[in-house]
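Me: I am new to this structure and would like to learn how to read its features one at a time. Please give me the general idea in each case and then show me how it applies here.

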Amino acid sequence: MTDVNLPLHPLLAARWSPAVFDPSHVATTEQVAVMLEAARWAPSAGTSQPWAFLVGLRGDPVHQRLVAHLARSSAAWAPAASILVANLAHRFVEGTDWDYSEFALYDLGQAVAHMTFQAQALGLSVRQFRAFDRAGVEAEFAVPAHWQVTTMAAFGVSPAGAAPGDDPARPVPQRHRRAPEEISWPSRPQSAPHAGETP
Ligand SMILES: Cc1cc2nc3c(=O)[nH]c(=O)nc-3n(C[C@H](O)[C@H](O)[C@H](O)COP(=O)(O)O)c2cc1C
């Protein structure tokens, strides 16, 4: 369990990004369908739904073609993931007729968050990552110019005994979080209100 300050929902409190996946675990197409359904029902600006996903299950051709474009760092752990997903957002291209939303990347992130927690509810863990060749994936799958490959996500189960922050490539865990008062503006929970301010 992650060291959280307040009683988060158990799915949020238990989430962490494994850097080791069990290469014997097999995900199902039903799990993938539910994860995509979770993404489908994410909110988006004007219901623009500016997202799409390239989905591979380990052993299938899409998974293999995604693995071919991993960077050296992610190639050390991501091929063992049961599911690899490349996350795509719409992008503006002059002259295309699609209804571009400047919030496309924001909305995609939210859809991936939905997918992440749905996967977690199904017993899968997720590590999102950027260490891969985005242009290579776009070329590999002939992604149309008005779509951009942004990030990938690896889904699977971590080996028994694995703990949050465990990462063979990073002996020092990288799960530090900024303090609550740093991310809530104006920051005043621990200080007396200034004259004239509403407490
Ligand atoms: C957009 C994005 C890109 C990331 N890229 C990588 C990456 O290339 N390689 C990697 O090992 N982890 C990557 N991560 C995982 C983060 O390092 C991880 O989420 C962070 O260390 C916090 O740990 P936690 O998810 O266990 O709380 C990425 C996460 C996000 C959201």
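Me: What is the distance between an oxygen atom of the ligand and an N or O atom in the side chain of Arg 127?

Reply: Please keep in mind that this is a predicted model. A polar contact is read as a pair of N or O atoms within 3.5 Å. Here an oxygen atom of the ligand and an N or O atom in the side chain of Arg 127 are 2.9 Å apart. Arg 15 also places a side-chain N or O atom 2.9 Å from an oxygen atom of the ligand. The backbone takes part as well: a polar backbone atom of Arg 130 is 3.0 Å from a nitrogen atom of the ligand.

Me: Is Arg 127 buried or exposed?

Reply: The reading rests on a cut-off: buried means under 20% relative accessible area, and exposed means over 50%. Arg 127 has a relative accessible area of 17%, so the residue counts as buried. The side chain of Arg 127 also has a polar atom 2.6 Å from the backbone oxygen of Ser 17.

Me: How should I describe the secondary structure of the protein as a whole?

Reply: One counts the elements and then reads their order. The protein has seven helices and four strands. Along the sequence, they follow the pattern α-α-β-α-α-β-α-β-α-β-α.

Me: What box do the C-alpha atoms fill, and what share of the residues is buried?

Reply: Taken along the principal axes, the box is roughly 65 × 50 × 30 Å. Of the 199 residues in the protein, 37% are buried.

Me: Where is Gly 56 found, and how far is its C-alpha atom from that of Ile 83?

Reply: Gly 56 is found in strand E1, residues 51-57. Gly 56 and Ile 83 are 27 residues apart along the chain, and their C-alpha atoms are separated by 5.7 Å. Gly 56 is buried, because its relative accessible area is 0%.

Me: Where is Gly 156 found, and is this residue buried or exposed?

Reply: Gly 156 is found in strand E4, residues 147-156. Its relative accessibility is 0%, and therefore Gly 156 counts as buried. In sequence, Gly 156 and Pro 23 are 133 residues apart, while from C-alpha to C-alpha they are 8.6 Å apart.

Me: Why does Leu 12 count as partly exposed?

Reply: Leu 12 has a relative accessible area of 41%, so the residue is partly exposed. Leu 12 is found in helix H1, residues 10-14. Leu 12 and Phe 117 are 105 residues apart in sequence and 7.9 Å apart in space, from C-alpha to C-alpha.

Technical notes
Residues numbered from 1 in each chain as written. Predicted model: local features only at pLDDT ≥ 70, side-chain atom pairs only at ≥ 80, totals over all residues. Heavy atoms only, no water. Polar contact = N/O pair within 3.5 Å; in protein donor to acceptor, adjacent residues only side chain to side chain. Helix = DSSP H or I, 4+ residues; strand = E, 2+ residues; numbered from the N terminus. Buried < 20%, exposed > 50% of the residue type's maximum accessible area, 1.4 Å probe, protein only.
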